[in-house]
Amino acid sequence: SSFATIAGPAGYTFNPATGNAVTITFAQTSARYVRVNITANTGWTAAQLSELEVYGTAGGGGDTDTQAPTAPGNLTVAGKTATSVSLTWSASTDDKGVTGYQVRSGGAVVASSTGTSATVTGLTAGTAYSFTVTAQDAAGNTSPASNTVNVTTDAQANTNLARGKATSESSHTQNYGSGNAVDGDANSYWESANNAFPQWVQVDLGSAASIGRVVLKLPPQSAWQTRTQTLSVQGSTNGSSFATIAGSTGYSFNPATGNAVTITFAQTSARYVRLNFTANTGWSAAQLSEFEVYPA
Ligand SMILES: [Ca+2]
Ligand SMILES: [Ca+2]
């Protein structure tokens with residue numbers, strides 16, 4: 001409401017040949033409202049202005065906060081699911097106080113928190129993401145980004161992790177190699193050397209995964225008469241040291257009910273999953289047309 005003159009009346013020439021801009025400098029002053037009073041125009045009977053630009057020190061000092069918080073540190077993945085990732089980090093400091101944090105991915109803010117943890121939701125299963133965190137203060141100043149964490153969400157529970165992966169085996173007969181057990185075709189199968197139990201077949205998932213179920217199949221045709229195969233399931237993260245996931249049991253494969261066996265077990269982490277066969281009531285060898293491994 002009360003104005004002081006910063007620059008007195010003067011005629012300023014606007015010339016398109018030299019940019020059509022006028023600069024007026026004056027002694028440093030403090031102002032929130034800046035007004036231009038125009039009393040004449042030689043080119044048109046009205047005041048005209050396409051840009052009014054004001055330069056100086058934003059906020060003008062005083063007790064206004066212009067200092068951003070420090071970057072959050074130690075950003076860490078605390079947990080994940082198929083659709084979410086939980087993150088923790090160490091607190092930032094600020095001259096006036098940190099008011100909150102923003103989790104960022106691909107340039108977008110994907111979660112906010114007033115503390116030092118957050119869970120990003122709505123993610124896609126089996127997908128790689130990168131995250132950083134920034135801190136904010138009450139004036140809206142944003143810190144530099146934290147370290148970056150890279151994380152891949154868990155696979156969907158119904159994703160067969162073994163499909164198309166590398167296999168190995170104790171033996172096979174003729175051309176019935178173990179690759180037949182991960183080709184997605186229940187008609188093609190692995191068969192071990194005959195009359196030579198115990199035998200094993202193994203799949204390398206490519207990296208350690210949390211698993212909770214395997215499904216074993218034989219060809220669905222009725223010509224495959226019901227048989228019981230005795231086997232155990234083992235898992236390993238390094239391919240050399242194996243732990244038993246499911247102990248040796250006789251499983252009945254019956255074409256009348258799909259010729260498939262499902263074995264569920266407590267969640268475990270494994271990259272290599274192996275089946276050890278010790279008996280088969282239908283043939284004197286281990287036989288398997290599909291070896292499917294699921295997260296749950
Ligand atoms: Ca600050
Ligand atoms: Ca097959």
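Tutor: A charge sits over a ring if NZ of Lys or CZ of Arg is within 6 Å of the ring centre and within 35 degrees of the ring normal. The model discussed here is predicted.

Student: How far is the charged end of Arg274 from the centre of the ring of Trp200?

Tutor: The cut-off for a charge over a ring is 6 Å from the ring centre. The charged end of Arg274 sits over the ring of Trp200, and its distance from the centre is 3.8 Å.

Student: Over the face of which residue does Arg213 lie?

Tutor: Arg213 is placed 4.1 Å from a ring centre. The residue that carries this ring is Tyr294.

Student: Are the rings of Tyr176 and Tyr189 stacked or edge-to-face?

Tutor: The structure holds 5 aromatic pairs. In the pair of Tyr176 and Tyr189, the ring centres are 4.8 Å apart and the planes stand at 20°. Planes under 30 degrees apart count as stacked, and those over 60 as edge-to-face. At 20°, therefore, the pair of Tyr176 and Tyr189 is stacked.

Student: Is Tyr189 buried or exposed?

Tutor: Buried means under 20% relative accessible area. Tyr176 has 23% and is therefore partly exposed. Tyr189 has 15% relative accessibility, so Tyr189 counts as buried.

Student: Which residue coordinates the calcium ion (ligand 2) through OE?

Tutor: The donors of this ion lie at 2.2 to 2.6 Å, and among them are Asn180 (O), Asp183 (OD) and Ser188, which gives both O and OG. Along the chain the donors follow the spacing N-x2-D-x1-D-x2-S-x100-S-E. The OE donor belongs to Glu290.

Student: How many residues apart in sequence are the parts that Asn180 and Glu290 tie together?

Tutor: Glu290 is buried, with a relative accessible area of 2%. Asn180 lies in the loop between strand 8 (166–169) and strand 9 (190–191), whereas Glu290 lies in strand 15 (residues 290–294), so the separation in sequence is 110 residues.

Student: Which residue in the turn between strand 3 and strand 4 has a positive phi?

Tutor: Strand 3 and strand 4 (residues 108–113) pair in the antiparallel sense over 5 bridges, and Gln102 has Ser112 as its bridge partner in strand 4. The two strands form a hairpin with 2 residues between them. In the turn, the residue with a positive phi of about 55° is Gly106.

Conventions:
Residues are numbered from 1 along each chain as its sequence is written. Chains are lettered from A and ligands numbered from 1 in the order in which they are written. This is a predicted model: local features need pLDDT of at least 70, side-chain atom pairs count only at pLDDT 80 or more; totals for chains, interfaces and linings use all residues. Side-chain values use heavy atoms; hydrogens and water are left out. Two strands pair if DSSP finds at least two bridges between them. Helices (H or I, at least four residues) and strands (E, at least two) are DSSP runs, numbered from the N terminus. Donors are N, O and S atoms within 2.8 Å of the metal (3.2 Å for Na, K and Ca); water is not among the atoms, so sites may look incomplete. Buried means under 20% relative accessible area, exposed over 50%, partly exposed in between (1.4 Å probe, protein chains only). Rings of Phe, Tyr and Trp (its six-membered ring) pair if their centres lie within 6.5 Å; planes under 30 degrees apart count as stacked, over 60 as edge-to-face and the rest as tilted.
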